[in-house]
Amino acid sequence: MAKDVLLDDLNNEQRLAIQHCDGPLLVLAGAGSGKTRVITRKFAYLAKKKKLPPASIFTVTFTNKAANEMKQRIGQHITADNKGFWVGTFHSQCNRILRREIAALGYKPDFTVYDDDDQSSLIRHILREFNIYEALFKGVVSRISMLKAQLITPEDFLARGDGFSFDEKLGRAYLKYQHELKRANALDFDDLIMLTVKLLEENPKILKKYTSLFEYLLVDEFQDTNRAQYRLMQLLSSGHNNISVVGDDDQSIYYFRGADVSNILNFEKDYPKAKVIKLEQNYRSTQSILDASGSVIAQNKDRKAKQLWTERRSDEKVCYSLVQNEDEEAKQVARSIKDLYLKGKCEYRDVAVLYRTNIQARAIEDALRAEHIPYHVISGISFYQRKEIKDILSYMRLVTNSDDNVSLRRIINSPPRGIGVSTITKVEQEAKKQGASMFRTMKLMLKSQSLAASFKDKVGEFVHLIEKLAHTPHKTAADMLKDIVERSGYLNDLEDERIQNVLELVSSAEGIPVREFLDRAALSSATDHLQESKGVSLLTLHSAKGLEFPTVFIVGLEEGILPYFKAMDSPREIQEERRLFYVGMTRAKDRLFLSSARRRRLYSKIQDQEPSRFLKDIRPKDCERVERTCSQPVAVAAPAKALPKAPKSLYIVGCRVKHPSWGIGVVRDCSGEGEDTKITVNFQSVGLKRLAVKMANLEKV
DNA sequence: AAAACTCCTCTTTTT
DNA sequence: GAGGAGTTTT
């Protein structure tokens with residue numbers, strides 16, 4: 001019987017979670033407790049048993065990769081063309097809705113999706129006008145993004161007026177940014193969510209359409225949703241309240257991106273009738289791994305208590321080692337891997353090395369290479385973010401949406417066509433006057449009499465190129481890409497490797513419609529297409545989320561790295577660092593190795609390191625401590641104990657200072673230490689200034 | 001407008 | 001210690 005296939009190999013709680021199909025459900029799913037399985041099966045169950053059309057089950061995952069896997073697994077249970085499935089990330093689902101409905105918000109349906117790069121470049125561009133110290137753009141980008149994740153519009157933000165001058169400026173920059181996006185007919189990632197919410201809130205008819213289309217909602221990784229995403233789900237579930245969310249508060253590691261664990265807490269408030277099911281049986285790790293990771297996470301205050309257990313006996317304890325420096329650490333990892341491999345205990349592909357920051361990969365790579373161990377680094381840089389790829393895609397985007405100023409700026413002079421800063425500035429000023437996009441402005445300027453012939457030649461040629469491309473009917477994205485490459489001459493003078501990348505892009509576009517291809521490029525990431533490889537995986541703790549490996553190494557367990565030094569001032573962030581460690585530990589199925597180094601080279605300076613505070617929480621009985629003093633002669637018997645902590649700067653963010661000529665100001669930013677300390681100060685009289693403390697003759701007030 | 005020089009920064013990251 | 005971005009120089 002079909003029922004057997006769907007439910008038989010599950011435990012009680014899992015089964016309950018699947019069978020609860022009326023009304024809201026919160027599944028608190030511990031690490032490795034089979035939550036993906038629950039969602040997949042539930043989808044199949046709803047389709048088969050409850051006779052819901054597959055296209056009426058709105059399912060959200062955290063990554064495209066997860067979405068694809070899920071679709072595939074669903075396909076094993078039900079037969080239906082999964083093209084019609086609404087299974088995807090929040091962003092791709094919203095994109096899909098907006099492509100149909102966005103006219104209601106005054107955008108054109110051919111809008112461009114801006115990625116982080118585009119977003120940063122637009123914001124920087126805006127900051128230049130705003131007299132905001134440009135180095136602060138990262139902070140501005142992230143704050144704007146945070147605001148959007150919380151559905152706070154520029155108007156809301158400005159109206160609060162909780163700003164002294166900086167927030168005021170931020171608010172205006174945000175307003176301008178939204179304005180520019182709209183003018184470019186572009187949406188950033190946050191817009192995809194925020195505008196979908198706006199769409200549904202402001203258009204009851206459209207809301208109705210989608211609430212009746214989607215009869216059931218499934219949300220994975222609920223602990224990492226932000227407020228806007230939660231609001232979206234509330235809207236879509238209004239009326240029927242058929243919504244299941246699955247998550248683990250202990251694995252919430254994306255606060256810095258706006259994720260809000262309290263969504264899990266609010267869920268029970270917002271849906272008072274919600275059934276709550278805990279999945280506590282772990283199918284992944286051995287008991288000793290669970291014991292060790294469990295005692296680490298237990299130290300967090302704000303969490304829902306749970307007790308993971310497993311039937312898997314442990315034959316090996318978690319292993320911790322303290323070594324001299326990062327090279328020794330890397331060597332030891334490599335040697336241990338080789339050892340396991342030679343003893344036939346694992347294949348290289350079964351091993352992952354996890355670290356807090358990407359730079360840590362370097363030493364590990366060197367050591368693995370030295371031992372001839374195959375490996376691959378899973379890094380944050382996606383294929384689509386490479387310069388040459390983004391350039392070519394920008395042509396494509398400009399062709400499909402000529403208002404897209406960011407893309408235009410990017411490619412107007414690459415390959416070099418002699419259009420330089422002054423020309424671009426001229427166009428920008430004119431565009432501002434006209435209130436038109438840069439492309440349209442350029443067309444207008446070409447018609448006017450008053451411009452130099454050289455300007456007309458160069459700009460004219462570019463405009464002509466784009467128009468020609470736009471007017472050629474291209475059947476597929478590949479056709480258009482070929483056309484772009486040929487006509488633009490982009491490949492001339494390009495390095496071989498980059499040419500290869502472009503060619504790869506073209507071939508990946510074969511048979512795919514232009515629109516679909518652009519969406520895919522915008523909404524997909526590095527890890528999505530990463531196929532299984534044979535070697536050891538090197539990745540950050542963050543990107544390890546959702547994965548599992550028989551053997552896991554976590555390196556760099558030191559104060560300042562994990563927890564990361566920037567998180568050390570805030571208890572909340574320390575808790576998140578701890579969760580990050582927990583996520584890492586629980587990736588391991590059979591074997592877990594931890595290590596820290598006594599000294600480490602950080603940006604050309606060698607620093608003394610202390611073992612991470614989190615290690616203290618692992619009970620001795622759960623962990624074997626190997627203090628292998630390595631092959632090398634022990635360096636100097638360093639008396640470095642006394643002065644590891646650099647004296648904290650006199651000036652901290654937020655304090656007030658007095659400058660001999662500029663008067664009183666507030667410190668906004670602080671970098672460097674000792675004599676090299678530089679601070680950014682917002683003066684009442686002259687605004688933001690960057691100063692070297694040594695020179696400026698400041699007085700603390 | 002391109003080349004040379006200088007300065008600055010130096011998490012995590014999906015979409 | 002490196003790489004990127006912005007600025008100045010030619």
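Which residue has its charged end over the ring of W86? R96 does, 3.8 Å from the ring centre. The model is predicted.

**Charges over rings**

| Charged residue | Ring | Distance to ring centre |
|---|---|---|
| R96 | W86 | 3.8 Å |

**Aromatic pairs**

W86 also belongs to an aromatic cluster with F58, Y210 and F214. Across the whole structure, a search finds 14 aromatic pairs. One of them joins Y564 and F565: the ring centres are 4.7 Å apart and the planes make 35°, so the pair is tilted. F565 counts as partly exposed, at 42% relative accessibility. F581 and F614 form a stacked pair, with 6.1 Å between centres and 20° between planes. This pair links distant parts of the chain, 33 residues apart. F581 lies in helix α25 (residues 571-585), while F614 lies in the loop between β16 (605-608) and β17 (623-626). F581 and F614 are both buried.

**The six-stranded sheet**

Six strands form an open sheet with parallel pairing, in the order β3-β2-β6-β7-β1-β8. β3 (86-89) and β8 (275-279) are the edge strands; each has a single partner, so one side of each lacks a neighbour in the sheet. On average, neighbouring strands are turned by 15° against each other, direction ignored. Parallel strands β1 (residues 25-29) and β7 (residues 243-247) are joined by four bridges. V27 stands opposite V246 in β7.

Helix α5 (residues 90-101) packs on this sheet. The helix touches β2 (57-61), β3 and β6 (216-219), and its direction makes about 120° with that of β3.

How values were computed
Residues numbered from 1 in each chain as written. Chains lettered and ligands numbered in written order. Predicted model: local features only at pLDDT ≥ 70, side-chain atom pairs only at ≥ 80, totals over all residues. Heavy atoms only, no water. Phe/Tyr/Trp six-rings, centres within 6.5 Å; stacked < 30°, edge-to-face > 60°. Buried < 20%, exposed > 50% of the residue type's maximum accessible area, 1.4 Å probe, protein only. Helix = DSSP H or I, 4+ residues; strand = E, 2+ residues; numbered from the N terminus. Lys NZ or Arg CZ within 6 Å of the ring centre and 35° of its normal. Pairing = 2+ DSSP bridges. Axes fitted to C-alpha atoms, helices over the stretch in contact; angles between N-to-C directions. Contact = heavy atoms within 4.5 Å.
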